[in-house]
Amino acid sequence: MQTMTDRHDLATPTLLEASQMSQLEPNAPILRIIGKAPLSGHVPISGAKNSILALMAGTLLSSEGCRIRNVPYLADVQRMGDILETLGVKISRNGEVLDLDTSNLTTNSAPYELVSKMRASFFALGSLLARLGSARMPLPGGCAIGARPVELHVRGLQALGADVQIEHGIVIAHAKSRNGRLQGARIYLDCPSVGATETLMMAATLTEGETIIENAAQEPEVVDLANLCRAMGAKIRGAGTNTIFIDGVDKLHFADFTAIPDRIEAGTFMVAAAITRSTLSMSPVVPWHLTAAISKLQDIGVTVRQDSDNMITVIGGDRYRAVDIETLPYPGFPTDMQAQFMALLTVCEGNGVVTETVFENRLQHVAELNRMGANIRLKNNVAVVTGVPQLSGAPVMATDLRASAALVIAGLAADGETTVMGLHHLDRGYDRIEEKLRNVGAKLYRTTANVTVS
Ligand code: UD1
């Protein structure tokens with residue numbers, strides 16, 4: 001827990017540059033971190049954001065509703081709920097349990113203002129279309145990490161017998177068959193897109209006939225969505241491999257389903273333990289969802305112990321060696337962990353080469369880490385990180401969700417105070433992160449006040 005002394009460290013005004021102040025909304029929250037506090041103890045891991053968002057979209061497939069458990073408190077979950085509510089879903093939340101009454105969908109059309117704020121909501125196109133026979137979904141547009149097109153979703157739905165037009169930025173889709181149902185098809189994805197796999201898998205649960213999705217994404221969140229659909233009565237085989245078989249059924253029913261733990265949140269705390277040379281245990285986790293991250297940590301010189309089926313402990317070391325990292329679809333190294341590992345590489349001995357292959361613009365944290373004394377050179381989607389003995393605290397701006405986590409992690413290890421701005425990114429995907437970090441000894445504090453311009 002935070003003590004008075006910790007607060008005293010944070011009582012002085014934080015210094016922001018005029019250019020940073022101008023980027024902040026009035027009263028925008030900032031996170032002040034006093035670095036180098038040793039961490040120890042246990043961190044509870046929340047339900048997986050990327051699963052929950054897909055599961056919520058999946059509930060649209062049935063009129064009998066769903067109960068989803070292990071739902072974290074996240075801005076993205078709230079946003080997805082807002083979108084479902086505009087479609088007529090009634091949602092009630094009791095702690096980490098979400099009840100969704102999907103009996104009466106009042107429209108097949110999602111509003112642009114909400115979809116544009118969260119790309120994952122576009123994935124509901126598949127479930128809406130399958131249930132209602134038609135759907136209208138605004139194109140989500142690009143985002144901070146890249147253009148992120150959706151042509152694989154669209155082409156897949158066309159293969160399933162949908163007429164899909166894009167008019168004035170809205171995807172308008174309807175099933176071409178007379179009975180309003182989609183038709184099973186063989187679909188090959190040019191790349192194993194997580195979102196396209198999820199959109200098409202949901203759509204295919206209610207088709208007439210069999211659908212085969214080849215070169216499908218194998219992420220654990222895809223498997224979780226398949227498991228929810230199966231709990232609702234869908235016939236799906238092969239989720240978690242690169243070929244998914246779906247036998248369409250006439251209708252789906254109520255399910256009570258618990259989401260998997262968030263492997264990216266767990267991985268973020270693993271790196272937090274490593275960079276602060278601390279010992280942290282965390283649960284619940286599915287250790288084999290973390291294989292790529294654990295293997296890289298071990299190569300760096302961090303000890304990772306598996307305590308049980310759902311608990312691991314990370315034990316930081318004194319000296320770390322640089323490693324090379326290339327992001328890849330699962331089971332490769334996750335792009336969602338790239339920024340956090342780059343923060344760790346900044347204090348490893350030697351040069352580590354980080355290659356981002358999944359998104360075209362996901363290295364914006366490089367400039368911010370360099371503000372903290374890191375030595376990173378960037379060319380296109382490749383960053384060469386040369387380790388330095390010590391990071392130093394600085395005011396920094398989060399540019400996307402995982403970049404924000406990387407800056408928090410760097411701040412925990414840096415000398416002096418780090419101020420992280422742009423916290424709306426952090427709040428999209430980390431459930432009560434300050435509380436979780438403070439409970440294991442970190443000194444950090446969210447504030448809006450006490451800011452002066454240098
Ligand atoms: C999901 C995750 C995100 C993660 C990403 C990759 C959710 C809510 N988000 O995003 O956290 O970083 O997987 O693991 O689950 N692409 C196309 N055309 C398409 C679809 C995708 O070119 O139609 C490209 C994208 O631009 C990107 C790559 O494929 O370069 C991977 O994207 P994708 O797997 O679809 O990511 P998301 O599902 O959006």
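Helices (H or I, at least four residues) and strands (E, at least two) are DSSP runs, numbered from the N terminus. The model described here is predicted, so local features need pLDDT of at least 70 and side-chain atom pairs count only at pLDDT 80 or more, while totals for chains, interfaces and linings use all residues. Residues are numbered from 1 along each chain as its sequence is written, and side-chain values use heavy atoms, with hydrogens and water left out.

Helices α7 (151-159) and α8 (194-204) each contribute at least two residues to the shell around the ligand, and α7 gives the largest share, 3 residues. In total, 20 residues surround the ligand, and the closest are Ser193, Val194, Gly195, Asp336 and Val358. A residue is near a molecule if one of its heavy atoms lies within 4 Å of it. Sorted by class, the shell holds 9 nonpolar, 5 polar and 6 charged residues. Here Ala, Val, Leu, Ile, Met, Phe, Trp, Tyr, Cys and Pro count as nonpolar, Asp, Glu, Lys and Arg as charged, and the others, Gly among them, as polar. Domain 1 (4-46 + 261-448) and domain 2 (49-258) each provide at least three residues of this shell; the domain bounds come from an automatic or database domain assignment.

A polar side-chain atom of asparagine 50 lies 3.0 Å from a ligand oxygen atom, and for a polar side-chain atom of arginine 362 the distance is 3.5 Å. Proline 149 takes part through its backbone, with an N or O atom 3.3 Å from an oxygen atom of the ligand. Taken alone the ligand exposes 740 Å², and the protein buries 87% of that. Accessible areas come from the Shrake-Rupley method with a 1.4 Å probe; for residues, only the protein chains shown count as cover.

Now for the chain as a whole, which has 16 helices and 25 strands. Its radius of gyration, taken over C-alpha atoms, is 22 Å, close to the 22 Å that the globule rule gives for 454 residues, so the chain is as compact as a globular protein of that length. The globule rule is 2.2 Å times the number of residues to the power 0.38. Buried residues make up 56% of the 454 residues, where buried means under 20% relative accessible area, exposed over 50%, and partly exposed in between (1.4 Å probe, protein chains only).

The side chain of glutamate 221 makes a polar contact with the side chain of arginine 263 (2.8 Å). A polar contact is a pair of N or O atoms within 3.5 Å; within protein, one must be able to donate a hydrogen and the other to accept it, and residues adjacent in sequence count only if both atoms are side-chain atoms.

A cis peptide bond joins serine 283 and proline 284, with omega about -10 degrees. Histidine 168 has a positive phi of about 50 degrees although it is not a glycine, and this residue is exposed, with a relative accessible area of 84%.
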